[in-house]
Amino acid sequence: MEIKKFLKGVLVVGLLAFLLNSFQLVKVEAEKKEQPISLKNEALVMVPGTGASVDRFDQLLLKLQKTNEIDVLKITVQTNGQLTISGKLTAENHQPVIVIGFADSSEAAVPKQAVWFQKAIHYVQQTYNVQKYNFLGHSNGGLVMTDYLEYVYLSIDPKPEKIIFLGTPFNDVGWKYNEMTRTFTTVKENSAIFERYKAKALRLPEEVDVINIAGNVATGNSDGTVPVTSVLAGRILYGDSQSYQEVILTQQAKHSQLVTNPELVALLQDFF
């Protein structure tokens with residue numbers, strides 16, 4: 001009987017120690033969180049394309065940091081909605097950059113990525129109280145942003161003031177849907193992707209400045225992955241924005257090179 005009482009006492013003490021230790025761990029993790037600040041400067045949110053991580057824009061950021069000091073915050077949203085975060089923003093930084101990526105960066109997961117994107121934006125807003133947002137989406141990253149604005153966006157969510165789409169396949173990548181030309185007038189055939197975005201196009205913000213960039217390599221009428229006319233199909237979705245521009249790059253214009261294209265760097269420094 002005494003042994004049972006002794007063992008019971010040991011178990012109780014052990015349980016209390018475990019709970020106390022767990023409380024301390026939770027407290028430590030809470031202390032690690034960034035203290036909320038008010039970020040008055042415009043933040044540029046970048047989203048990489050399919051198969052790419054938050055490191056996708058590192059070379060671009062190095063080019064931009066040659067002329068300006070830039071804080072960089074990287075957020076990877078896990079499939080369970082948890083956030084993996086590196087870097088931080090400071091209130092004094094002139095042009096902070098937030099890169100949002102996804103543990104599941106597959107093409108099929110784009111609609112889910114739009115939901116995860118919103119979760120990351122909510123974290124940024126709660127932590128840094130950003131006053132103004134600009135977006136840049138490379139490849140399917142531009143579709144994630146469009147999906148967010150059309151299907152996920154809530155009235156309490158921040159709207160972007162400026163957006164750059166970079167090699168975004170608004171009408172998929174197949175020649176079945178796209179003309180083999182760099183001159184766009186109408187869609188050859190609507191892909192399922194394009195139909196999805198046309199259906200909710202009225203939800204896109206009109207008070208936004210948009211630059212839609214396509215690459216065109218020497219082999220003809222695409223960046224090697226995305227047809228020029230697929231990118232320019234974005235005109236049908238965003239053409240009624242308060243400002244809409246199209247740019248076709250021909251030098252260092254392969255799909256993967258677009259993020260470090262010298263013209264893009266100059267455009268970013270001027271546009272944002």
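## Overall make-up

The model is predicted. Its protein chain contains eight helices and eight strands. Of the 272 residues in the chain, 47% are buried. The chain exposes about 14,000 Å², and carbon and sulfur atoms supply 53% of that area.

Contacts across the sequence were also counted. Among contacts in the protein chain with a separation of 6 or more, 74% are between residues 24 or more positions apart.

## Nonpolar cores

In soluble globular proteins, nonpolar side chains tend to be buried together. Here the largest nonpolar core has 49 residues. The residues with the most contacts inside this core are I98, I100, F117, V124, Y148 and Y238. Helix α3, residues 110-128, gives the core its largest share, nine residues. Another core, of 26 residues, lies apart from this one and includes L44, L64, V259 and L268.

Which residues does Y238 contact, leaving aside its neighbours within four places in sequence? They are T146, L149, I163, F165, F170, L204, V210 and Y244.

## Helix α4

Helix α4 covers residues 140-152, and twelve of its 13 residues are buried, so the helix is largely enclosed by the rest of the structure. Buried here means under 20% relative accessible area. The buried positions of α4 are N140, G141, G142, L143, V144, M145, T146, D147, Y148, L149, E150 and V152.

Y148 is one of the residues with the most contacts inside the largest core, and T146 and L149 are both in contact with Y238. N140 is one of the residues that line the largest cavity.

## Cavities

Rolling a probe the size of a water molecule over the atoms shows where empty space is left. The structure holds two cavities of 30 Å³ or more. The largest has a volume of about 50 Å³, and its lining is made up of P48, G49, T50, A52, G101, F102, S105, Q113 and N140. By class, this lining has three nonpolar residues, six polar and no charged.

The second largest cavity has a volume of about 30 Å³. N171, Y177, N178, E179, F184, T186, V187, K188 and T229 form its lining. That lining divides into three nonpolar, four polar and two charged residues.

Notes. Residues numbered from 1 in each chain as written. Predicted model: local features only at pLDDT ≥ 70, side-chain atom pairs only at ≥ 80, totals over all residues. Heavy atoms only, no water. Helix = DSSP H or I, 4+ residues; strand = E, 2+ residues; numbered from the N terminus. Buried < 20%, exposed > 50% of the residue type's maximum accessible area, 1.4 Å probe, protein only. Contact = heavy atoms within 4.5 Å. Areas by Shrake-Rupley, 256 points an atom, 1.4 Å probe, with all protein chains shown as cover. 1 Å grid on protein atoms, 1.4 Å probe; cavity = no way out; pocket = protein on both sides within 12 Å on 5 of 7 lines; lining within 4 Å. Points joined across faces, edges and corners; volume = space filled by probe spheres on them. Nonpolar A, V, L, I, M, F, W, Y, C, P; charged D, E, K, R; others polar. Core = buried A, V, L, I, M, F, W, Y, C linked by side-chain atoms within 4.5 Å.
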